[in-house]
Amino acid sequence: MLSTATAIERLKGGPGRRAVLARYLRRGLETHISLPLFALLLLCAIWILTFRFIASEREVANSAALESVHEMGDTYEAQLARNLNGIDQNLKMLRYAVQTKGASGALRSLAANGLLPSGLVFVVSIADQDGRIVASNPPAPHIDVAGETYFTYHRGNPNDLPYVSQMLRDSANGEPHLHFTRRIDDADGHFAGVAIIEADPTYFTSGYERSRQGEHGMLGVFGDDGVFRAMRTGDRISWGQQAGAQLMAFGRLRAATASAWDGHQRYLAVRRLNGFPLSAVVALDRNEQFVAVERQRRAWLWAAAGASVLLVLIVTLVCVWSWQLSRTQRRIRRAQETFAAAAEASLDAFFVMRSVFDANGAIIDFVIDATNERAERLTGLRRQVLEGGYLLRLMPSYRDDGIFDDMVKAALLGGMREAEWRGGTERTRNTWMHRQVVAVEGGVVAIVRDITERKRAEERIAHMAHHDALTGLPNRSLIGDRLDQAILQAQRKRNCVAVAFIDLDGFKLVNDGLGHNAGDELLKVVGARMQGCLRANDTLGRFGGDEFVIILSELGDNPMAITPLLEKIRQAVREPVQVEGQQVQVSCSMGVVMYPRDGVDPTTLMMNADAAMYRAKELGNNNFQFYAREMNASVEEKLVLLDGLRTALPLNQLSLLYQPKVDLRSGRIFGVEALIRWHHPEHGMISPLRFIGLAEESGLIVAIGDWVMRTACSQNMAWRAAGLAPLSVSVNVSPRQFEETRLVERVALALRDTGLDAASLELEVTEGLIMRDLAQSVGKMRELEAMGVALSIDDFGTGYSSLSALKSFPIRTLKIDKSFVSDLADNLDDQAIAMAVISLGHKLNLRVIAEGVETEQQLRFLRENDCDEMQGYLFSPPVKAEKIAELLRAQAQQAAAPERQADQERDHVATA
């Protein structure tokens with residue numbers, strides 16, 4: 001259950017949440033964060049005030065326009081009222097004159113009394129009851145107006161109201177005029193005609209003031225029918241437009257509205273004219289009234305925009321500066337914290353030191369201002385002692401070993417100085433250290449690291465780089481360096497140097513038979529024995545594999561002087577060695593050269609020593625040979641053979657011979673072994689013993705072996721196609737071939753491409769080859785067995801395979817090596833070995849074949865001891881494919897002879 005305090009703490013957010021909140025609040029108070037927020041508020045205030053001021057200006061302009069238009073409306077209403085009342089008074093006087101003086105005398109009477117309106121402005125007319133104009137001023141043609149709206153109106157309406165027509169044009173007056181009319185009745189009250197006053201429309205819009213109303217203001221008069229009688233906009237006078245609903249409403253408009261006649265936004269003042277079916281309109285164009293306001297609005301907007309841009313620029317510059325400053329401060333703070341944490345956790349010792357100057361400004365010491373725990377361990381002094389202490393007082397040895405001078409140079413010249421040194425105090429005598437001294441303001445920072453382990457590792461690496469990992473002896477690289485040094489020393493002292501190139505005889509058998517561990521153990525023992533025979537200033541190195549090199553320096557010019565030492569080494573190597581529970585014995589072949597007699601440079605000396613070593617091999621191993629110039633001929637011969645071997649296959653210089661295999665019980669040929677031969681264009685027939693080793697070393701054996709397998713399989717199919725008895729063909733597989741990853745695939749392709757069945761192919765491998773990697777070898781052999789390919793062990797008995805391993809091999813045949821067969825007639829040991837192999841093979845259900853059978857005695861022994869098969873010169877040497885065909889045909893004829901004789905005897909009996 002959670003405690004109450006814990007629950008409350010969680011509800012409040014907990015200390016972790018408060019810490020996060022506090023961190024964000026601190027970040028929010030930083031200038032580059034708070035200033036933009038303040039600037040944003042200031043920008044909002046600027047624009048809010050700007051827009052509010054603009055809105056206020058608009059409101060003031062709107063009120064002023066409304067006030068102005070209504071003032072003008074009142075003025076215009078008064079003006080029109082006076083004009084219309086004057087016209088109406090004239091209409092009434094005209095009617096009265098007609099009623100008293102008659103139509104013909106009314107105008108003269110009014111004119112005589114000065115009561116007739118001016119003919120320049122008005123046209124006064126009298127129409128009788130039939131609609132004919134009977135009098136007019138100014139005089140005009142008498143026309144008929146009976147069809148006019150005003151005449152029709154008065155004739156049909158007995159009321160005493162004036163009538164105002166729309167703009168009319170008649171034959172008497174070509175210009176449109178407004179007709180103001182009143183009904184004239186006779187003494188009996190019957191309709192007697194119409195009094196007419198015509199007025200030009202400009203008379204009613206002459207009060208238009210462009211200075212106040214602009215180009216798009218308006219003065220106008222419209223009737224109750226909603227049609228304008230007169231309208232002036234700027235200099236243009238018009239009539240007949242529809243007034244629109246907003247004017248007909250006669251309300252007091254508080255805002256500009258769109259005019260029905262042209263769509264302009266205008267402020268309108270409408271006044272109803274008493275006594276007439278007319279209304280006066282005054283209008284001010286909104287855009288013209290707001291010109292000053294818009295100009296002011298643009299000015300305010302530009303001012304606000306300029307202020308905003310300036311504010312943004314200033315804030316941006318300040319924020320960038322503040323951000324850089326804040327980042328720098330955070331970096332400094334983080335660096336300080338990191339330095340403090342790293343200094344305490346670091347494996348390096350830190351010393352922050354302040355320079356101490358004398359009166360002349362020279363640095364005479366350093367005061368340690370700060371250090372870390374590692375420095376305490378390194379110096380053995382507590383931090384309280386180190387911090388505030390003088391460097392040379394605490395570590396006086398630094399003045400003598402140059403460390404202090406190095407620090408002074410760093411402080412004066414700047415940059416970084418570094419060096420490695422071994423400690424000089426009792427505490428650090430066996431300690432290697434590395435220092436970095438960096439100049440800082442007012443002093444230096446020294447970083448000291450204990451590199452003792454690194455130095456030891458470098459020594460180990462250097463030793464590993466120049467010494468053999470197995471034996472600990474100098475490797476090829478160090479051998480070359482030692483030989484260079486020995487030659488230089490011999491040149492100075494004018495003496496000689498001997499170089500012996502050593503190769504172990506029989507090492508490969510031990511390594512292949514007993515395994516790599518046994519081979520490694522043997523190399524270590526032999527190396528130690530040879531080392532024990534040498535002087536301290538001599539060099540023994542492992543050149544690679546089972547090859548060693550000995551460098552003997554400070555010798556005289558007599559090569560025979562080192563013969564006892566070489567013999568001692570040979571005998572030491574020859575002594576038996578106990579490895580893997582077995583006693584083995586190897587020997588060595590040595591090639592010896594002398595500097596400067598046999599070469600003046602390391603390359604020549606090593607090449608000639610190698611040639612001398614091969615000469616010792618050719619002479620039967622277990623000896624040493626001094627170099628002679630003719631030895632290089634053997635090396636050159638190998639190079640010539642190798643060069644020719646590269647083109648032997650493409651130039652069809654290789655061929656196969658076949659040696660029959662014979663069943664010892666039946667005497668019949670049951671198979672052949674394919675043996676390769678090389679017909680060199682210059683050297684003639686070359687034995688496989690001379691070129692197979694070169695092919696194996698160079699890697700050419702893979703391609704050559706593939707060719708041998710395909711050629712042998714194709715030849716076997718050719719024999720079958722010729723109708724000869726089926727037989728198996730055996731092909732030897734070299735170590736390089738067997739180790740090749742695609743061996744099984746290559747065998748399968750050869751069988752598929754030639755059409756030979758797998759049971760008719762046998763692969764011969766040596767037991768030493770199998771024992772190199774037993775698991776991998778058995779795996780490949782089982783894959784081949786699964787395909788149906790037969791396997792046999794060649795040269796059985798010459799290796800070191802164990803019986804437990806032998807029983808796991810998926811093989812069908814054991815081949816007794818010819819070295820045991822050659823002396824089989826006389827040598828009891830060879831007889832015992834041959835009998836053991838035959839018995840072992842039969843016990844394991846394997847067939848046993850003996851190779852190299854050349855005498856009847858050997859044949860007799862093998863038959864008596866139940867050997868299964870044989871091959872050798874006693875029956876046939878390796879021959880061409882055509883000879884094999886002849887042997888098979890002869891064997892077939894021999895097998896058919898008894899059958900023919902029996903048939904003849906049966907025929908003879910039947911005839912008798």
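The following legends describe close-up views of a predicted model.

**View 1. An aromatic pair formed by F624 and F626**. Across the whole structure, a search finds 13 aromatic pairs. One of them joins F624 and F626 in an edge-to-face arrangement, with 6.3 Å from centre to centre and 90° between the planes. The pair counts as edge-to-face because its planes are over 60 degrees apart. F624 has a relative accessible area of 17% and is buried. F626 is likewise buried, at 17% relative accessibility. Both residues receive this label because buried means under 20% relative accessible area.

**View 2. A cluster of aromatic rings**. The residues shown are F122, F180, Y203 and F204. Ring pairs link these residues into a cluster.

**View 3. Charged residues over aromatic rings**. K455 is placed over the face of W432, 4.7 Å from the ring centre. In a further example, R476 lies over the face of F543, and here the distance to the ring centre is 4.0 Å.

**View 4. An open sheet of 6 strands**. The strands follow the order β8-β7-β6-β11-β10-β9, and their pairing is antiparallel. The edge strands are β8, residues 236–238, and β9, residues 257–258, each of which pairs on one side only. Strands of a sheet pair through backbone hydrogen bonds, in either a parallel or an antiparallel manner.

**View 5. The pairing of β7 with β8**. Strand β7 covers residues 228–233 and pairs with β8 in the antiparallel sense over 3 bridges. Within β8, S238 is the bridge partner of M231. Strand β8 is also an edge strand of the sheet.

Conventions
Residues are numbered from 1 along each chain as its sequence is written. This is a predicted model: local features need pLDDT of at least 70, side-chain atom pairs count only at pLDDT 80 or more; totals for chains, interfaces and linings use all residues. Side-chain values use heavy atoms; hydrogens and water are left out. Rings of Phe, Tyr and Trp (its six-membered ring) pair if their centres lie within 6.5 Å; planes under 30 degrees apart count as stacked, over 60 as edge-to-face and the rest as tilted. Buried means under 20% relative accessible area, exposed over 50%, partly exposed in between (1.4 Å probe, protein chains only). A charge sits over a ring if NZ of Lys or CZ of Arg is within 6 Å of the ring centre and within 35 degrees of the ring normal. Two strands pair if DSSP finds at least two bridges between them. Helices (H or I, at least four residues) and strands (E, at least two) are DSSP runs, numbered from the N terminus.
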